[in-house]
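Try each task yourself before reading its solution.

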Amino acid sequence: MKKSIKIILSLAAVLSVFSFSAFAKAKKTKSKVRVIQVAHTATNVPYDFLDDKGKSDGFEIAVLKAVDELLPQYEFKYNAVSDDELLIGIEAGKYQVGTKGAWLTEERKKKFAIPSQPVAASVIGLAFRSSDADKIKDMDSFAAYSGKLIPISPLSAQYSVIDQYNKTHEGQAQIKLIPSDVFDIADSYLWVLEGRYDGYLVLKLSFEKNVVNENGPYHNFAEKLSYIPYKGIPTWPLFNKTETQLVADYDEAVKKLQENGTIAALSQKYFGENVFDFVTE
């Protein structure tokens, strides 16, 4: 009887040690998980926004959530903020990464750590008069037709898109790149319809929202305006300059998501098409 009691006590002691060891190991493993504060814009549908329940949603958010699933060493926390707070917060280290449908610019390259893999892409193209549809089929035919494009602010990433087009088409028909002193010209569609200009470089989603959608402010011009996509512009998450390891881990995860079809499937869900099909560079 005494021998049995000793055996039981010995087993209990062993189990106690193993239990404590497992608990300590689990606690240690959990303590290794680093919380990553992710900033995103709140109304940039369908890229980054808050749903009707106040939850972070959007294509870029969905990609980052899929990235998080592949990186057990991190736990991503999402914060909906303004554009200014996002940029300032990442630079200051309040947020380790932020996403806002951001195009890559030289200024952003200096301020932030940029991964090798984009998070999404936005399709940009040309809005023009439907009466010119027999003459304007693509950007080349638009340049040959007149190249009269609505002025663009040099501060806009769209300015560099047209500047690059002209550089790669040197010696050929050029698009007239006129600097604007304002970032957004509210009457752009009207200026095209009035004949002051023959084309307006605009995001496909913006054209669909403002012209094609029956509730859009310019829907009454839907039959008078046409649209052709030009190219897909990659959008990038912006990381704090010190987050070199996080950037490397992000890149590795995104490559896996590209290979297994997750990103293409998410694009179909949020855009109804694979936006990366339009990316040519």
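## Charges and rings, step by step

Arg129, Asp132, Asp134, Lys135 and Asp198 are linked in a network of salt bridges, where a salt bridge is a side-chain nitrogen of Lys or Arg within 4 Å of a carboxyl oxygen of Asp or Glu. Please keep in mind that this is a predicted model, in which local features need pLDDT of at least 70 and side-chain atom pairs count only at pLDDT 80 or more, while totals for chains, interfaces and linings use all residues. Residues are numbered from 1 along each chain as its sequence is written, and side-chain values use heavy atoms, with hydrogens and water left out.

**Exercise 1.** Find how many salt bridges the rule gives, then describe the one between Asp163 and Lys167.

*Solution.* Next, take the pair: the closest N and O atoms of Asp163 and Lys167 are 3.2 Å apart. Now place both residues: they lie in helix 6 (residues 157-168), 4 residues apart, about one turn of the helix. (Helices are DSSP runs of H or I with at least four residues, strands are runs of E with at least two, and both are numbered from the N terminus.) Finally, check accessibility, where buried means under 20% relative accessible area, exposed over 50%, and partly exposed in between (1.4 Å probe, protein chains only). Asp163 counts as partly exposed because its relative accessibility is 27%, and Lys167 is exposed because its value is 53%.

**Exercise 2.** Work out which parts of the chain the salt bridge between Lys204 and Glu273 ties together.

*Solution.* First, the contact: the side chains of Lys204 and Glu273 meet at 2.9 Å, N to O. Lys204 lies in helix 8 (residues 204-212) and Glu273 in the segment after helix 10 (262-271), so the pair ties together parts that are 69 residues apart in sequence. Then look at Lys204 itself, which counts as buried because its relative accessibility is 18%.

**Exercise 3.** Describe the salt bridge of Glu252 and Lys256 and the setting of its two partners.

*Solution.* The side chains of Glu252 and Lys256 meet at 3.9 Å, N to O. Both are in helix 9 (residues 244-259), and because they are 4 residues apart, about one helical turn separates them. Glu252 is partly exposed, with a relative accessible area of 47%; Lys256 is also partly exposed, at 41%.

**Exercise 4.** Are the rings of Phe207 and Tyr227 stacked or edge-to-face?

*Solution.* Recall the rule: rings of Phe, Tyr and Trp (its six-membered ring) pair if their centres lie within 6.5 Å; planes under 30 degrees apart count as stacked, over 60 as edge-to-face and the rest as tilted. A search of the whole structure finds 12 aromatic pairs. For Phe207 and Tyr227 the centres are 5.0 Å apart and the planes at 25°, so the pair is stacked. This pair links distant parts of the chain, with Phe207 in helix 8 and Tyr227 in strand 9 (residues 225-235), 20 residues apart. Phe207 is buried, with a relative accessible area of 6%, and Tyr227 is buried too, at 17%. To finish, widen the view: Tyr189, Tyr200, Phe207, Tyr218, Phe221 and Tyr227 form one aromatic cluster.

**Exercise 5.** Locate Ala102 and say whether this residue is buried or exposed.

*Solution.* Ala102 sits in the loop between strand 6 (97-99) and helix 4 (106-111). At 1% relative accessibility, Ala102 counts as buried. The C-alpha atoms of Ala102 and Pro234 are separated by 8.2 Å, with the two residues 132 apart along the chain.
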